[in-house]
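Hello,

Here is the structure I promised to pass on to you.

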Amino acid sequence: MLYTRPFRKTLTALFFTCSLAVAAISTAQASDIEMSFQNLLQQERTWAGLQSKTLKVGDITWSYSEGGKAGKPILVLIHGLAGSRDNWNRVAHALTANYHVIIPDMPASGDTRVPNEFDYSVPNLTEKLRRFMEAANLTGPAHIAGHSLGGAVAMLYAGQYPLETKSLFLVDAAGVFRSANTPYLKDPTYVKNMIVTKKGDFNFLMQQAMHAPPFIPKEIANAQEKMMIAQADQTTKMVEQIIALNKMFTPDSFALLAKSIDAPTLILWGKQDKIINVEVAAELKSLLKNAQTPVVLNGIGHTPILEADQLVSQQYISFLNKVQAQTPATTPNL
């Protein structure tokens, strides 16, 4: 299915990565910018029906957003590389009225804290996510959604915990694909070029992640860039795990994982994705047992959850309604 892009909201770019911190031109200015941005994030979480919470599980102190009511169907939304829980705020706004929504800052991102020698591999992230969900008393099967690298975590979760997965939502999801034709998929070491390590890197990242990045005030962009430079070591460790994963898996072995997934699945992609090309959506559809026809959004890049949140919400809610209407014993192909 092909959909056109709605008008683009200027402020969506402000939620591309984790919360703003660190200096601008002076300490006072930095404090003002940080406070303003943090207030903006908190206002958006409140608007979305979310509350900020923390939970210590083993050696990880998780930071996460939670909304909706306990007892409602559980949704777990997983962000991508260099992202944060706030990437999902605008989509979550349409979900918290009818679902129990959980959005964690994944390790190496946002405010979640991990030990210095933490294992950032996708298998370990998946296992730690499961331990977090158990500790948060999220009992019963959950709807799992993942964007980019979060999509890879979501797929592995669905494969490893089929009885705990009600459905799967993959947004420009990472993996090892035959149809890969972007520099980042052909040679995963190229992902290192997207790590923000020096001035100017943030602008390059935005150009790669979005089809038409909106205007961001200079002070906020500079502060965001400095924050990401400060987190470069953690991001580098995560990228190294992505490179290792691509050496470990081939398209054939990755296909085996995908084919093991039973959960009803919605696949959604930005047609102009420069990082994970749109042809991957059809490949995933061919591998997954219970996936409906992929939704492709025209004029959208790698981050539909920011670039086209209303269309993403509409498609996801329609899919969830179908899944919720089906009984476990008679779940047909969608």
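Let's begin with the lining of the second largest pocket, which by class has six nonpolar, four polar and one charged residues. Please keep in mind that this is a predicted model. The space in this pocket comes to about 190 Å³. Eleven residues line the second largest pocket, and those nearest its centre are F202, N203, M206, I216 and A221. Two helices, helix 6 and helix 7, each give at least two residues to that lining. Which of the elements gives the largest share of the lining of this pocket? That is helix 6, with four residues.

Running from residue 201 to 209, helix 6 has D201, F202, L205, M206, Q208 and A209 as its buried residues. Where do these residues sit around helix 6? They are on the same side of helix 6, because they cover an arc of only 165 degrees around the axis. There is a general rule to remember here: an α-helix has 3.6 residues a turn, so residues three or four places apart point the same way.

Next come the cavities. How many cavities of 30 Å³ or more does a search of the whole structure find? The search finds five. The largest cavity has a volume of about 540 Å³. Its lining is made of 39 residues, and L81, S148, V191, M194 and I242 are the ones that lie nearest the centre of the largest cavity. Helix 4 (149-160), helix 5 (183-186), helix 6, helix 7 (218-230) and helix 8 (232-248) are the elements that give two or more residues to this lining. The largest share comes from helix 8, which provides seven residues. By class, the lining of the largest cavity has 25 nonpolar and 14 polar residues, with no charged ones.

The second largest cavity has a volume of about 120 Å³. You can pick out its lining by selecting V122, P123, A152, L156, G175, V176, L245, F249, F254 and L257. At least two residues of this lining come from each of helix 3 (122-135), helix 4 and helix 9 (251-259). Nine residues lining the second largest cavity are nonpolar and one is polar, while none is charged.

One residue I would like you to find is Q315, which belongs to helix 12 (residues 309-325). Is Q315 buried or exposed? Q315 has a relative accessible area of 13%, and a residue counts as buried under 20%, so Q315 is buried. Between the C-alpha atoms of Q315 and L268 there are 8.6 Å, although these two residues are 47 residues apart along the chain.

Finally, here is the chain as a whole. It contains twelve helices and nine strands. Of its 334 residues, 56% count as buried. The accessible surface of the chain is about 13800 Å², and carbon and sulfur atoms account for 54% of that surface. If you take the contacts between residues at least 6 apart in sequence, 77% of them join residues at least 24 apart.

Enjoy exploring, and write back with any questions!

Best wishes

How values were computed
Residues numbered from 1 in each chain as written. Predicted model: local features only at pLDDT ≥ 70, side-chain atom pairs only at ≥ 80, totals over all residues. Heavy atoms only, no water. Buried < 20%, exposed > 50% of the residue type's maximum accessible area, 1.4 Å probe, protein only. Arc of directions from axis to C-beta. 1 Å grid on protein atoms, 1.4 Å probe; cavity = no way out; pocket = protein on both sides within 12 Å on 5 of 7 lines; lining within 4 Å. Points joined across faces, edges and corners; volume = space filled by probe spheres on them. Nonpolar A, V, L, I, M, F, W, Y, C, P; charged D, E, K, R; others polar. Contact = heavy atoms within 4.5 Å. Areas by Shrake-Rupley, 256 points an atom, 1.4 Å probe, with all protein chains shown as cover.
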